[in-house]
Protein chains: 2
Amino acid sequence: MTKGAIVSRDEDFPRWYQEVVARAEMADNGPVRGTMVIRPWGYGIWELLQAELDRRIKEAGAENAYFPLFIPESFLSLEAEHVEGFSPELAVVTHAGGKKLEEPVVVRPTSETVINHFFAKWIQSHRDLPLLVNQWANVVRWELRPRLFLRTTEFLWQEGHTAHAKEDEARAYALLILRDVYRATMVDVAALPVLTGHKTARERFAGATRTWTCEGMMGDGKALQMGTSHELGQNFSRAFGITYTNAEGVLDHVWQTSWGASTRLIGALVMGQGDDFGLRLPPALAPVQVVVLMIKEEPAVRAAAEALVTELRAGGHRVRLDDRTETSFGRRSVDWELKGVPVRVEIGPRDLAEGRVTVVTRHIRQKENLDLRAVGVAVGPILSRVGPELLEEATKARQERTVDVDTLEEAIEAGANGFARIRTGALGSDGEDRLAAHALSIRCLQRPDGGLAEDDGADDGADDGADLIAVVGRSY
Amino acid sequence: MTKGAIVSRDEDFPRWYQEVVARAEMADNGPVRGTMVIRPWGYGIWELLQAELDRRIKEAGAENAYFPLFIPESFLSLEAEHVEGFSPELAVVTHAGGKKLEEPVVVRPTSETVINHFFAKWIQSHRDLPLLVNQWANVVRWELRPRLFLRTTEFLWQEGHTAHAKEDEARAYALLILRDVYRATMVDVAALPVLTGHKTARERFAGATRTWTCEGMMGDGKALQMGTSHELGQNFSRAFGITYTNAEGVLDHVWQTSWGASTRLIGALVMGQGDDFGLRLPPALAPVQVVVLMIKEEPAVRAAAEALVTELRAGGHRVRLDDRTETSFGRRSVDWELKGVPVRVEIGPRDLAEGRVTVVTRHIRQKENLDLRAVGVAVGPILSRVGPELLEEATKARQERTVDVDTLEEAIEAGANGFARIRTGALGSDGEDRLAAHALSIRCLQRPDGGLAEDDGADDGADDGADLIAVVGRSY
């Protein structure tokens with residue numbers, strides 16, 4: 001049954017997602033299969049997310065740079081696992097400037113190869129380390145089953161690439177990014193709880209020795225990988241010849257990391273925070289935090305609305321005046337709900353005659369009739385509630401759908417509806433295959449207390465250690 | 001003769017440019033011909049430029065969005081002049097996902113076609129107008145004679161695209177962008193004087209009815225086109241079927257603009273502000289505004305340097321501590337000069353014993369011996385001087401190389417060394433051909449007082465009006 005202007009989540013979650021993205025004017029499908037147009041409402045969210053991530057990346061010491069979109073095809077094949085992982089998804093330019101190219105160039109699916117080509121030039125001595133670089137860029141991975149924001153042929157992301165003198169420094173940096181950049185942004189800014197852990201060998205990034213991940217649970221109980229931070233060991237430094245002279249004058253290969261988060265996070269916001277009436281935005285990621293909606297075009301209404309907009313902007317909030325009174329009030333209310341604007345103030349002539357307006361708090365759909373003079377002061381505390389309450393709600397929903405199990409059979413049953421936590425020792429040697437047969441996978445490995453298994457070596461053996469917990473679920 | 005660490009501008013301007021870009025660690029050539037790596041110093045300048053442009057674009061009412069990198073080949077051919085202009089420069093993806101594509105896709109050289117495809121969907125009524133969209137993106141134009149920042153196969157830019165109900169509204173918006181976004185950023189932020197005017201039909205953007213331009217004069221007297229704002233008339237709206245119902249219920253095609261500025265502006269900063277010792281950055285675009293340089297690693301030196309860094313940061317300046325005392329002081333001074341950091345504070349044990357430090361103002365290379373306690377207060381006023389003084393110097397240099405002439409022969413002589421201003425009536429019908437034979441072109445058309453010829457129609461005839469001035473020069 002349709003409660004709002006869109007299908008309900010329970011009835012058809014994938015269709016609900018599509019309808020929210022379309023009706024909130026967040027994105028459209030591009031003309032080339034799998035590509036995406038990010039419309040101003042979606043892009044406004046992305047700009048806020050970018051700023052939050054970028055600030056934390058810079059605090060972690062990395063500097064932004066930009067590397068080319070086009071990579072010689074030969075570069076890709078230098079790291080064996082990497083080329084195997086990405087070859088099927090590559091887009092290849094064979095003609096340019098009116099001629100056939102002597103060597104085809106690939107459109108970057110990720111930039112390890114071209115960046116490490118330059119790291120080999122720039123790094124000579126231990127004084128050049130650590131080298132910490134990040135870039136904001138578009139990347140292309142040909143997708144057969146595209147889905148707006150979640151899986152698109154072209155997407156926007158940041159990718160960090162670093163080189164360190166020692167293995168433990170590389171690991172510490174990969175974890176710093178995981179915790180202080182990714183988890184912090186997801187939890188503190190996007191109000192989305194995430195599990196952190198590392199991937200099994202099967203789920204690892206092509207070319208990494210260890211992949212650390214943030215995994216969120218979406219509104220349908222499925223997992224979404226929201227950001228990953230990889231230890232690359234010396235795989236790329238050996239393939240690309242990135243060496244440095246240490247303080248003792250001895251030549252060694254650097255230890256590396258890479259890490260990325262993308263426009264997929266916008267999909268996570270929709271699926272993790274949305275309700276049957278559309279998107280619900282935490283104020284930190286809301287392009288408009290308060291919309292002041294004029295019900296009718298009348299001088300008193302306009303005067304009150306404009307004064308309130310000025311007052312709220314002076315209070316540091318992002319505010320929009322909706323004076324499109326030629327469109328029905330109901331239609332506009334529904335649209336702002338769909339777009340997830342945290343607070344809506346409705347000003348109409350009847351209430352205003354009594355000095356009152358209606359304030360709607362979007363995430364709980366609570367309507368209050370307030371004295372107009374009190375609204376300017378009331379909005380701040382309402383906005384402060386939204387993030388923590390969304391986080392609490394999502395955390396509770398995840399807990400309700402997470403089960404501790406003892407056997408693989410139980411994991412298969414519980415994983416169909418949410419997350420199953422199982423000791424890695426109980427998985428058996430063919431556990432991942434058997435999970436895969438049920439469209440399930442190990443989303444991450446953790447310590448029993450949910451902590452990161454930091455002290456294990458990066459070698460495969462540790463992944464199967466009986467003392468770890470595997471979080472099993474369906475995934476996007 | 002080499003004055004600094006690099007060749008002098010007079011001796012070999014192109015080599016000087018290359019050396020500044022390389023030695024200041026701004027950019028490198030990419031592995032695929034014509035592509036570019038923008039290193040952190042260059043990218044830091046770009047981030048500041050982006051922020052300045054972005055703020056002004058938003059103030060002009062445009063919203064950011066993102067459109068796909070890949071465009072179906074067939075889209076390009078819909079507007080005849082556009083395809084003719086861009087075809088020779090296209091990069092074409094013929095294979096993807098391991099297969100040959102049924103229809104090849106081009107990598108966007110600019111996004112008029114794909115954006116207008118969506119404008120046709122989004123625009124129905126006069127209520128949807130004006131539609132004002134901007135995107136920050138990479139674009140690709142295959143270059144045979146690439147040059148870092150100035151002309152690269154891939155470059156970063158913003159491109160704005162708008163649709164309006166009336167022709168005069170479109171023109172007013174194109175001019176708003178030219179003046180309040182581009183010229184304001186170039187003059188007030190980059191301290192680069194620019195001439196504004198419109199292009200002749202020969203120099204116009206492929207598909208535009210009029211191209212407005214900002215033209216700067218570089219240190220060698222050559223012109224650089226630094227930003228353009230186009231009136232597109234109804235060329236694209238007819239090709240893509242972008243119609244709207246006006247208030248009277250009648251269907252009409254929209255009137256459009258597009259406008260762009262790119263990483264070429266970084267090249268303009270180098271060539272417009274640099275001297276024989278490297279780059280000179282206006283503080284608004286300096287990733288580091290003040291570098292505090294420890295001459296020796298001694299406790300007193302470090303304590304003084306760190307305290308000063310803290311004090312200057314508290315004053316709102318971007319400050320870096322250079323404590324790399326394992327590298328010679330001279331080498332580091334030269335490097336910071338090359339990078340163009342506006343103010344350098346040198347702290348060494350000998351001076352410090354007397355409570356004094358050396359403050360170097362980069363753009364005039366002036367050294368002052370100041371009381372350490374006075375530096376924190378002295379830096380603000382020094383930084384305030386830099387922009388206006390650079391602008392004054394560049395304006396004076398341009399004036400000295402600009403000549404009013406009466407005949408084409410004189411324009412050819414004067415244009416070889418700077419700008420020649422000539423009445424369009426004196427050009428003759430083959431004037432542009434004759435200029436081209438001397439590697440000269442008309443950079444822009446202006447009113448005799450330097451103002452924009454706003455009231456002329458967008459038709460070709462007006463370009464040749466005898467009452468306009470043609471600015472003739474060599475160009476990048």
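In β6(A), His95(A) finds its bridge partner in Lys100(A). Four bridges join β5(A) to β6(A), and the two run antiparallel. (Strands here are DSSP runs of E with at least two residues, helices are runs of H or I with at least four, and both are numbered from the N terminus; two strands pair if DSSP finds at least two bridges between them.) β5(A) and β6(A) make a hairpin with two residues between them, and Gly97(A) in the turn has a positive phi of about 60 degrees. All this comes from a predicted model, in which local features need pLDDT of at least 70 and side-chain atom pairs count only at pLDDT 80 or more, while totals for chains, interfaces and linings use all residues. As for bookkeeping, residues are numbered from 1 along each chain as its sequence is written, chains are lettered from A and ligands numbered from 1 in the order in which they are written, and side-chain values use heavy atoms, with hydrogens and water left out.

On to the rest of that sheet. Strand β6 (residues 99-107) of chain A is also joined to β4(A), by three bridges and again antiparallel. Here Pro72(A) has Val105(A) in β6(A) as its bridge partner. The sheet then carries on into the other chain: strand β5 (residues 91-96) of chain A pairs with strand β5 (residues 91-96) of chain B in the antiparallel sense, over five bridges. Val93(A) sits across from Val93(B), its bridge partner in β5(B). Put together, this is an open sheet of six strands with antiparallel pairing, in the order β4(A)-β6(A)-β5(A)-β5(B)-β6(B)-β4(B). Its edges are β4 (70-72) of chain A and β4 (70-72) of chain B, each of which pairs on one side only. From one strand to the next, the twist averages 45 degrees.

How do the two copies relate?

Strand β18 (residues 356-361) of chain A pairs with β19(A) over six bridges in the antiparallel sense, and Thr358(A) has Asn369(A) in β19(A) as its bridge partner.

Now for the helices. Helix α2 (residues 40-59) of chain A packs against helix α8 (residues 264-273) of chain A at an angle of about 110 degrees, with the axes 10 Å apart. (Axes are lines fitted to C-alpha atoms, for helices over the stretch in contact, and angles run from 0 to 180 degrees between N-to-C directions.) α2(A) and α8(A) are therefore roughly perpendicular to each other (angles under 35 degrees count as roughly parallel, over 145 as roughly antiparallel, 65 to 115 as roughly perpendicular and the rest as oblique). In the contact, Gly42(A), Ile45(A), Trp46(A), Leu49(A) and Leu53(A) of α2(A) meet Leu265(A), Ile266(A) and Leu269(A) of α8(A). These residues divide into seven nonpolar, one polar and no charged (Ala, Val, Leu, Ile, Met, Phe, Trp, Tyr, Cys and Pro count as nonpolar, Asp, Glu, Lys and Arg as charged, and the others, Gly among them, as polar).

The axes of helix α1 (residues 13-23) of chain A and α8(A) come within 11 Å and cross at roughly 120 degrees. That makes α1(A) oblique to α8(A). Phe13(A), Trp16(A), Tyr17(A) and Val20(A) of α1(A) meet Gly267(A), Val270(A) and Met271(A) of α8(A); by class, this contact has six nonpolar, one polar and no charged residues.

Conventions: Contact = heavy atoms within 4.5 Å.
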